[in-house]
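The sequence and the structure come first.

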Amino acid sequence: MRVSGVLRVLALIFTLVTTLIFIRTYMSFNMKSIRLLRWLGSAPKETRVVKTKCGLSKSCPANFFAFKIYSGAANVVGPSMCFEDHTIMSSVKNNVGRGLNIVLVNGTTGTVLRQSTFDMYSGDPKLLVKFLTEISKGMLVLVASYDDPGTKMNDEIRKLFSNLGSSYAKQLGFRDSWVFLGAKDLKDKSPFEQYLKNDPDTNKYEGWPELLELEGCVPQKMY
């Protein structure tokens, strides 16, 4: 009886120990499963990146054109102009120059009509006068400065740019930074323009102000 009693006690202890191990293992597994489910539920969802034309901060609404213009940086990095996700002028394309870089676009269709550069340091300002006087109603005019846009600037050129909606053409000077989008015969001044004066006290580069960035959505038939 004593031996059988001891065996019964040992069997009971074995059963209890086995049960406890099973319960502990089961609970541990369940806790890990719960943590895993919680982690999966809280994992950040994949963010869809929306590509915008010309890399704008937000997409343009219907019947608007997207554009982005950078002025040149000192006399080292040339300007760039993008319109409706098409880079028209840039250093990479090797089609920019010192002075003023200008693009003409059809304001209804968005078609690029013409592009040119004008040396405003040692070039002939009559070439720019001829170019500007040939601009007709319905054209958008994109302008970006590079190095020096002002040395050859005269009253006639300033007036022509003012008629395109510029607020700063009248004060544009030696090595100033300027970006602009306008059109002929606007009722008011263009809202698309930035200007920085060449000032030794505030210049970012030695002898030049920092480059300018102008982006936005221009309505079709802005004129």
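## Strand β7

Strand β7 is mostly covered, with seven of its seven residues buried. The coordinates belong to a predicted model. In a regular strand, side chains alternate between the two faces of the sheet. In β7, Ser 177, Val 179, Leu 181 and Ala 183 point one way, whereas Trp 178, Phe 180 and Gly 182 point the other way; all of these residues are buried.

## The five-stranded sheet

Strand β7 belongs to an open sheet of five strands, in the order β5-β4-β6-β7-β8, with antiparallel pairing. The edges of this sheet are formed by β5 (112–118) and β8 (193–196), each of which pairs on one side only. Neighbouring strands in the sheet are turned against each other by 15 degrees on average, direction ignored.

Further along the order, strand β4 (residues 99–106) and strand β6 (residues 139–146) run antiparallel and are joined by eight bridges. Among the bridged residues is Gly 99, whose partner in β6 is Tyr 146.

Helix α3 lies across β4, β6 and β7 (177–183), and runs at about 55 degrees to β7.

Two packed helices are described by the angle between their axes and the distance between the axes. For helix α2 (residues 125–133) and helix α3 (residues 155–163), the angle is about 25 degrees and the axes are 10 Å apart. Angles under 35 degrees count as roughly parallel, so α2 is roughly parallel to α3. The crossing in which α2 passes α3 is left-handed. On the α2 side, the contact is made by Pro 125, Leu 128, Val 129, Leu 132 and Thr 133, and on the α3 side by Glu 156, Ile 157, Leu 160 and Phe 161. Sorted by class, the contact of α2 with α3 comprises seven nonpolar residues, one polar residue and one charged residue.

## The four-stranded sheet

A further open sheet has four strands, in the order β3-β2-β1-β9, and its pairing is antiparallel. Its edge strands are β3 (86–89) and β9 (213–219), each pairing on one side only. From one strand to the next, the twist averages 20 degrees.

Within this sheet, strand β1 (residues 64–70) runs antiparallel to strand β2 (residues 80–83), and four bridges join them. One of the bridged residues is Ile 69, which has Met 81 as its partner in β2.

## Loop residues

Most residues other than glycine have a negative phi. Which loops hold Asn 94 and Arg 175? Asn 94 is found between β3 and β4, and its phi is near 60 degrees, a positive value in a residue other than glycine. With a relative accessibility of 69%, Asn 94 counts as exposed, because exposed means over 50%. Arg 175 lies in the loop between α3 and β7. Phi of Arg 175 is likewise positive, near 60 degrees, in a residue other than glycine. The relative accessibility of Arg 175 is 24%, and Arg 175 therefore counts as partly exposed.

Asp 119 is located in the loop between β5 and α2. At 27% relative accessibility, Asp 119 counts as partly exposed. The C-alpha atoms of Asp 119 and Arg 98 are separated by 5.4 Å, while the two residues are 21 residues apart along the chain.

## The chain as a whole

The secondary structure of the chain amounts to three helices and nine strands. Along the sequence, these follow the pattern α-β-β-β-β-β-α-β-α-β-β-β.

How much of the chain is buried? Of the 223 residues in the chain, 39% are buried. Among contacts in the chain with a separation of 6 or more, 59% are accounted for by residues 24 or more positions apart.

Terms used
Residues numbered from 1 in each chain as written. Predicted model: local features only at pLDDT ≥ 70, side-chain atom pairs only at ≥ 80, totals over all residues. Heavy atoms only, no water. Axes fitted to C-alpha atoms, helices over the stretch in contact; angles between N-to-C directions. Helix = DSSP H or I, 4+ residues; strand = E, 2+ residues; numbered from the N terminus. Parallel < 35°, antiparallel > 145°, perpendicular 65-115°, else oblique. Left-handed = near helix turned anticlockwise from the far one by under 90°. Contact = heavy atoms within 4.5 Å. Nonpolar A, V, L, I, M, F, W, Y, C, P; charged D, E, K, R; others polar. Pairing = 2+ DSSP bridges. Buried < 20%, exposed > 50% of the residue type's maximum accessible area, 1.4 Å probe, protein only.
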